[in-house]
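Please open the model in your viewer and keep the selection panel at hand. The stops below say what to select next and what is to be found there.

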Amino acid sequence: MCGIVGYIGTQKASPILINGLIRLEYRGYDSAGISTIEKDGLSVMKDQGRVKNLYNLKGIDNLEGTIGIAHTRWATHGKPSQINSHPHMDNSKTFSVVHNGIIENYNELRDFLNNNGYTFYSQTDTEVIPNLVHYYYKKETNKDELAFLRAVKNACSDLKGSFAIEIICKDFPNNMIVVRKDSPLVIGKNEEENYISSDIPAILSFTRNFYFLNDLEYAFLSRTDVKFYDSELNAIHKETKNIEWDAASSEKDGYEDFMLKEIYEQPTAIRETIGARLSENTKCEFEELNFSKEYLQSINKIYIVACGTAMHAGLVAKHTLEKLCKISTEVDIASEFRYRDPLIDEKTLCIFISQSGETADTIAALKLSKQKGAKTIAISNVIGSSITREADYSIYTHAGPEIAVASTKAYTSQVILLTILAIYFAETLEMTQIDIDTLKKDILQLPKKVEDTLKISENIKEFAKKVYQEKDVFFLGRGIDETVAKEGSLKLKEISYIHSESYAAGELKHGPIALIEKGVTVIGIMTDKKLIEKTISNIQEVITRGAKTLIITNQNIDDKMFDEVFHIPFTNIFLSPILSIIPLQLFSYYISKEKGLDVDKPRNLAKSVTVE
Ligand code: F6R
């Protein structure tokens, strides 16, 4: 999705802005641009293509301005092109704007501005913003700072949709205004300079002190100061939050790609996420929630709502919550949930999972659940992210920044956090059906087992070399293993572009088996002892039809039946998805490398999906 960077300080802004954009590249984009305030007014330099192309633009080295805004665009309105790239200026070249999000009523605003003498040069929704600001600014008699702020506020009041906006004005060479609604933006504070970014890692090497804006709050920045205003321009006070993430962890640290680094960071991410919440002889702690037994007994249903990989973590948690707590749990895709009028009341608990905390559909689903009276919990990896500011309660995974588009360590951290949450509920409810003490011991041993799994998973590279030219791959599993099949299949398609599907193994013969023929690769996940014989029968059905098979298991099986068997360490069934996904993450990774693809930035995908 689009990325935003801003700088106001004492150094030359352009290299800082371009470096910031490079750090946001992982979000996905098709064009890039910067705008600075120079001695003779506003400068805008932009182009289609990679951020580094900006270095080739004529005159970019001559920019001296110490205040500027920058943007990577992921096309929504209008094709990728130089003219559609941000920043956009108003007709009089007084204001320069970058915008992340979608202005839903831009056609209406364009007509209004056309009727008032404004001309549009791009096909974007964004170009209405600088012109609308200019329209209101023109009406101000006294062109002071407040006039600038009021013009931006009046323009934003007319906008429908989502936006994170940075705006500079040639009349105010020492100021910048930023505002957001349903789109991410953070402000990093230093002594004589301020940084703006769509997310924390891009500016973490400059500062640890961050301001977070709520919807429709305005920040008026100078070099040394940031003033905050609410949606009616009443002054408000904000404190910075200290972010403890290690700046080095957003660098590649010697790994070839972020995805590989993040796969190998899983033991640490899981260890950090377990943290002090769980120990062998005491009850699980969730001070943030502090739910009573009576409250948990009153819950009629749990909904887990998320998108993509985060939703797959929810599918694992459904198994755990239902078995440990005996509370009916439904998992829903956020973009469906929000439009299907779900049956929710004040006895429903809704859990929303979002690594970034900025996924538009998940946030909208959360807002809907709150309106309907449910209690809401957000699970996120990013402190201060939008979803955590909307939810009644927020709990965090401690995976550290995840840069590769394909989620790995965030997923396994979400699964472990949700498992501990299920234990917390079960202990509070005084449930006794499942041996929770053993599960706790198994959780504490898990980071070591993840390390062991990573060591042996290197061997999957050889199998990846054998199948990287395949066109179709099927993933099969039963019970909790089916959730891993889903996640394995998603990982493969997103970074290797190989068509893949996942099925509950028993469902295959009800249709999809028609697709199985000689040479098709089928991957079976088998970690549930109770179901293993059944899954083996299903795999035999595909072997008979000529499929090549890879099995991921922690059980004793007859290896000779299959082309390849991958033995992972044994663990508790509720934790097995965390181990069985690891060889599949590496399988997808090596296939992508074998095909020479950009593992970290797969085509058409964005890290943070901030539009619906
Ligand atoms: C796939 C992947 C996506 C995200 C999804 C939700 O590897 O990363 O499917 O899981 O876009 O993102 P968050 O968790 O940020 O809400």
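Begin by selecting residues 480-496, which form helix 15; helices here are DSSP runs of H or I with at least four residues, strands are runs of E with at least two, and both are numbered from the N terminus. Helix 15 has 17 residues and reaches 25 Å from its first C-alpha to its last, close to the 24 Å expected at 1.5 Å a residue, where the expected span is 1.5 Å times one less than the number of residues. Just after helix 15, select Y497, which takes a positive phi of about 60°.

Before going further, note that this is a predicted model, in which local features need pLDDT of at least 70 and side-chain atom pairs count only at pLDDT 80 or more, while totals for chains, interfaces and linings use all residues. Residues are numbered from 1 along each chain as its sequence is written, and side-chain values use heavy atoms, with hydrogens and water left out.

Next, colour the chain by domain: domain 1 covers 3-250, domain 2 covers 259-453 and domain 3 covers 454-594, with bounds that come from an automatic or database domain assignment. The centres of domain 1 and domain 2, taken over C-alpha atoms, are separated by 34 Å. How many residues of domain 1 are in contact with domain 2? The count is 17 residues of domain 1 against 16 residues of domain 2, contact meaning heavy atoms within 4.5 Å. The area buried between domain 1 and domain 2 is about 1,300 Å², with 58% of it given by carbon and sulfur atoms; buried area is the accessible area (1.4 Å probe) that two parts lose on being put together, summed over both.

Stay with domain 1 and domain 2, between which two salt bridges are counted; a salt bridge is a side-chain nitrogen of Lys or Arg within 4 Å of a carboxyl oxygen of Asp or Glu. Now select K367 and D215, which form a salt bridge with their closest N and O atoms 3.7 Å apart.

Move to Q414, which is placed in helix 12 (residues 409-428). Is Q414 buried or exposed? Q414 counts as buried because its relative accessibility is 2%. Show its surroundings and, leaving aside residues up to four places away in sequence, you will find that Q414 touches T309, A310, A313, I353, S354, Q355 and T397.

The structure as a whole holds 33 salt bridges, and three further pairs can be selected in turn. In the pair R271 and E451, the closest N and O atoms are 3.0 Å apart. R271 lies in helix 6 (residues 266-274) and E451 in helix 13 (residues 436-457), so this pair ties together parts that are 180 residues apart in sequence. R271 is partly exposed at a relative accessible area of 41%, and E451 is partly exposed at 27%.

Then select E322 and K318, whose salt bridge has its closest N and O atoms 3.3 Å apart; both residues lie in helix 8 (residues 308-325), four residues apart, about one turn of the helix. The side chains of E330 and R340 also meet in a salt bridge, at 3.5 Å from N to O. E330 is in strand 17 (residues 329-333), whereas R340 is in the loop between helix 9 (334-337) and strand 18 (348-354), ten residues apart. Salt bridges that share partners also join R180, K181, D182, D215, K367 and E390 into one network.

Finish with the backbone. Select H86 and P87, which are joined by a cis peptide bond with omega about 0°; P87 is found in the loop between strand 4 (67-73) and strand 5 (88-89). L233, in the loop between strand 13 (226-229) and strand 14 (235-236), has a positive phi near 65° although this residue is other than glycine, and L233 counts as buried at 18% relative accessibility. N604, in the segment after helix 17 (576-594), is not a glycine either, yet has a positive phi of about 65°, and N604 counts as exposed at 65% relative accessibility.

Methods
Buried means under 20% relative accessible area, exposed over 50%, partly exposed in between (1.4 Å probe, protein chains only).
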